[in-house]
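Visitor: I would like a close look at a single part of this model. Please start there and then widen the view.

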Amino acid sequence: MELALVQESFEANVRDYTKIIDGYGKKNRLHDAESVFQTMKNRGFTYDQVILTAMIQMYSKAGCLRQAEATFEEIKLLGLPLDKRAYGPMIMGYVRAGMLSHGECLLREMEAQEIYAGREVYKALSRAYSTIGDRKGAQRVFDAIKFAGIAPDIKLCALLINAYAVAGQSDGARSVFENLRNAGIEPSDKCVALMLAAYEKENKFKKALDLLIDLEKEGIMVGKEASEILVGWFRRLGVVGEVELVLREYSAEEVKCEIHFIPSEVHLWKTLPWEIGQNF
């Protein structure tokens with residue numbers, strides 16, 4: 001394609017150069033892409049926001065934040081319109097660089113223009129906040145998702161639950177969990193596992209039992225990941241026993257709670273000492 005562009009018989013246009021630059025960008029060949037861009041300018045072609053957006057996407061993907069920022073600012077200086085195709089990769093670049101507040105500022109800038117990012121951009125920013133336990137940041141992004149008219153899915157809810165859990169805010173995590181259920185969304189095994197992990201972190205066994213009994217009443221079966229969290233919790237406590245008796249004694253309504261959540265291959269069929277149960 002590059003060779004064709006220099007042929008006198010071929011009438012090239014700016015979109016031809018855009019395709020080549022985009023192709024090089026996808027293969028992470030930055031030097032080649034920049035060379036084509038310079039050749040285009042030398043031949044007198046006027047570049048627009050489309051080709052500059054392709055450059056932003058390339059720099060963002062390669063982790064070249066400064067170049068991405070410079071190209072993004074060039075679009076603004078030229079007075080060219082910005083859309084979510086330019087904002088999106090720029091926000092992703094900030095996320096990759098750990099500059100989450102910068103990415104969030106661009107979200108606000110977009111909202112002011114009634115431009116909204118794609119779900120994957122919100123998810124990336126939410127995941128970054130969730131990983132470091134920034135519950136406030138994760139909550140802001142979650143609220144921005146709803147403001148953008150995007151229905152939060154179970155994965156986005158799990159990221160918010162995790163943010164509260166990592167921050168040591170199990171009550172906040174439970175609030176998100178209950179809002180999820182109130183919205184008619186059945187919690188995934190991942191969500192249940194995150195809640196159990198949050199309670200374990202704060203040694204709130206009583207509340208963990210509350211949750212399990214509540215789920216049992218609604219016929220929600222606890223899956224593999226949540227089971228592993230629970231079994232690991234008992235093992236770390238040095239307890240190798242069957243816990244059905246504890247659940248019965250704990251439940252004020254004397255709900256019969258068979259331990260569906262313990263994997264069958266794990267043999268925990270001895271009685272949990274009541275002395276240990278009292279410590280919770």
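Visitor: Is Thr-18 buried or exposed, and what is its relative accessible area?

Guide: Thr-18 is buried, because its relative accessible area is 9%. Buried means under 20% relative accessible area, exposed means over 50%, and partly exposed is in between, with a 1.4 Å probe and protein chains only. A word on the basis: this is a predicted model, where local features need pLDDT of at least 70, side-chain atom pairs count only at pLDDT 80 or more, and totals for chains, interfaces and linings use all residues. Residues are numbered from 1 along each chain as its sequence is written, and side-chain values use heavy atoms, with hydrogens and water left out.

Thr-18 sits in helix 2 (residues 14-26). Helices are DSSP runs of H or I with at least four residues, strands are runs of E with at least two, and both are numbered from the N terminus. Leaving aside residues up to four places away in sequence, Thr-18 touches Val-50 and Ile-51. Contact means heavy atoms within 4.5 Å.

Now the wider protein. It has 16 helices and zero strands. Of its 280 residues, 46% are buried. Take contacts between residues at least 6 apart in sequence: 63% of them join residues at least 24 apart.

Residues 83-117 are 74% helix and 0% strand, with end C-alpha atoms 9 Å apart. Residues 153-187 are also 74% helix and 0% strand. Their end C-alpha atoms lie 11 Å apart.

Next, the rings. Rings of Phe, Tyr and Trp (its six-membered ring) pair if their centres lie within 6.5 Å; planes under 30 degrees apart are stacked, over 60 edge-to-face, and the rest tilted. That rule gives five aromatic pairs. One of them is Phe-72 with Tyr-87: the centres are 5.5 Å apart and the planes are at 65°, so the pair is edge-to-face. This pair links distant parts of the chain, with Phe-72 in helix 5 (residues 65-77) and Tyr-87 in helix 6 (residues 84-96), 15 residues apart. Phe-72 counts as buried at 3% relative accessibility. Tyr-87 counts as buried at 1%.

Phe-205 and Trp-233 also pair edge-to-face, because their ring centres are 5.2 Å apart and their planes are at 85°. Phe-205 lies in helix 13 (residues 205-217) and Trp-233 in helix 14 (residues 224-236), so the pair ties together parts 28 residues apart in sequence. Both residues, Phe-205 and Trp-233, are buried.
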